[in-house]
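This report describes one protein chain, from its overall build down to single residues. Keep the sequence and the model in view while reading.

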Amino acid sequence: MATAKTFNPDIKRIYIEGSDPSIQVPFNKITLTNKETLLVSTVEGPDVNAKELPKLRAPWISKRVDHKTQLELARENIITPEMEFIAIRESFKYGDDMAFSAEMVRQEVAKGHAVIPSNINHAETEPMIIGKKFSVKVNANIGASSVSSGFDEEIGKLRLALKHGADTVMDLSTGIDNIGALREAILRASPVPIGTVPIYETLDRAGGDPAKITWELFRDVITDQARQGVDYFTIHAGLLRELLPHAARRILGIVSRGGSVMASVMMRQNAQNLAYEHFDEIMEICAKYDVALSLGDGLRPGAIADACDKAQYGELEAIGKLALRCRERGVQCFIEGPGHVSLDKVYENQDLEDELCHEAPFYTLGPLVTDIAPGFDHITSAIGATNIAHRGTAMLCYVTPAEHLALPTPEDVKQGLITYKIAAHAADVAKGLPMSRLRDDALSRARNEFRWYDQFALSLDPQHAYSVWRAQMPDDCAHEPSFCSMCGPRFCPIRLNRRLKAEFNVK
């Protein structure tokens, strides 16, 4: 049998220019053996090895006299360069026609139905949008801890996540020295928005003791991270004290790390959620730097038996009220969702979020539709993710094979991302997004014509597809044989289908 070799598809980076020469939107141009070409968006940035990327948005930001948020500008009928960049990126994702206009982007942002995470101090970001009318996005989590990983490893995970298409990345680092320096390194090297959960660093600064967490300490962490350039914060402000008894009745109680910290602070201090109590001040910081708020689901279910209970839906209702306050203040926000939910309840979660949160973008972890597959929860969650994204969820948080078991390895990151890019794309096709099927159809034509190398070039992981195929093909076969090892030459249905076409004179 033949051994796998390196496969190098004909993929080149090109840029589509906007109305201003400073708007240069990157794409990967795939050229097939039949000279057909396809454009596919890329999030890897201009230099995959650079420790510091060019500040793409710096000239756009410098022209703004007062640093209003993208939401405020959209409401003033101003189309920003970020909005035009996004319109081009979304339109050319799988084709050559403008399917989205900058005006449509502006309208969706103005209504609060889409967000552009874009801290004014993270000028390296290539603008992206999170909203149900646009392509489904995927977030990847990385982060060092006191027992595993470090700076080089986390930057390596960032680059791996970008290589496999992560639209945003969350830095969930905890318990390490110089956490701010690590975050600075990630921000300067990242062309995609970076999110954090500020309560993690707050707990670190409190020496690991929730009883020592104060509003002033939390505020200082939020301010420091906003100044650095973090694009969105997960804030568990809807986890109210009156919901804790409902969580206590669950099998797994509170499984959110940030949610459990917030609950511990409330119980130890016999007080209401400090993020809820000081939400106006949090919005003030976010408005100053244009940090989007990801309103966290601290009470997301960690078991399908706990799903859709008074704790989860009570928090969602509280978050919906906070979302309205964000819109009034001009702060962009989106909503975090479950978690573990049986398949029959998946649509219910999206529909209720639309109702209670006024169609703010939904961002879900899965949901995982069964609890029995540790080591395979990237699959159990992708089933739920595909369904909820088809229903309207705007961004999916990837789940890796290590979920529930360990800190993800680089291979886990890759597997989780590819799985979730499949889920996101399947939802885009099901939603009927313009041109979403072009890549699928191009691959099908290549398959029909036995253009094996074109199939690999069009796949999400070309090298993997090539290696699987090549490993079982005989060494002495033709360069591109008109069969695979599954059926062989005598029983290949595609070869037999040519008789069908000939019979009915179909070309």
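Helices and strands here are DSSP runs, numbered from the N terminus: a helix is a run of H or I with at least four residues, and a strand is a run of E with at least two. The structure is a predicted model, in which local features need pLDDT of at least 70 and side-chain atom pairs count only at pLDDT 80 or more, while totals for chains, interfaces and linings use all residues. Residues are numbered from 1 along each chain as its sequence is written, and side-chain values use heavy atoms, with hydrogens and water left out.

**The whole chain**

The protein chain holds 20 helices and 13 strands. Its radius of gyration is 24 Å, close to the 23 Å that the globule rule gives for 507 residues, so the chain is as compact as a globular protein of that length. The radius is taken over C-alpha atoms, and the rule is 2.2 Å times the number of residues to the power 0.38. Along the principal axes, the C-alpha atoms fill a box of roughly 75 × 55 × 45 Å.

The chain is divided into domain 1 (114-358) and domain 2 (436-504), with bounds that come from an automatic or database domain assignment. The centres of domain 1 and domain 2, taken over C-alpha atoms, are 44 Å apart.

Of the 507 residues, 57% are buried. Buried means under 20% relative accessible area, exposed means over 50%, and partly exposed lies in between (1.4 Å probe, protein chains only). A contact means heavy atoms within 4.5 Å. Among contacts between residues at least 6 apart in sequence, 73% join residues at least 24 apart.

**Helix α3 and its end**

Helix α3 spans residues 81-91 and includes S91. The helix is mostly covered, as 10 of its 11 residues are buried; among them are F85, I86 and R89. Why is S91 classed as buried? The residue has a relative accessible area of 0%, and buried means under 20%. Leaving aside its neighbours within four places in sequence, S91 is in contact with D97, M98, A99, F100 and M435.

M435, one of these partners, sits in the loop between α16 (410-431) and α17 (438-448). M435 is also classed as buried, because its relative accessible area is 19%.

**Accessibility of selected residues**

| Residue | Relative accessible area | Class |
|---|---|---|
| S91 | 0% | buried |
| D290 | 2% | buried |
| M435 | 19% | buried |
| D220 | 34% | partly exposed |
| S62 | 58% | exposed |

S62 lies in helix α1 (residues 58-62). Its C-alpha atom is 16 Å from that of P127, which is 65 residues away along the chain. D220 belongs to helix α8 (residues 215-228). D220 and T202 are 18 residues apart in sequence, and 8.6 Å separate their C-alpha atoms.

**Backbone features**

Most residues other than glycine have a negative phi, and most peptide bonds are trans. D290 is not a glycine, yet has a positive phi of about 55 degrees; D290 is in the loop between α12 (279-289) and β10 (292-295). M435, likewise not a glycine, has a positive phi of about 65 degrees.

Which residues are joined by a cis peptide bond with omega of about 25 degrees? They are P338 and G339, and G339 is in the loop between β11 (333-337) and α14 (346-356). The bond from G366 to P367 is cis too, with omega near 10 degrees. P367 is found in the loop between β12 (362-365) and α15 (377-391).
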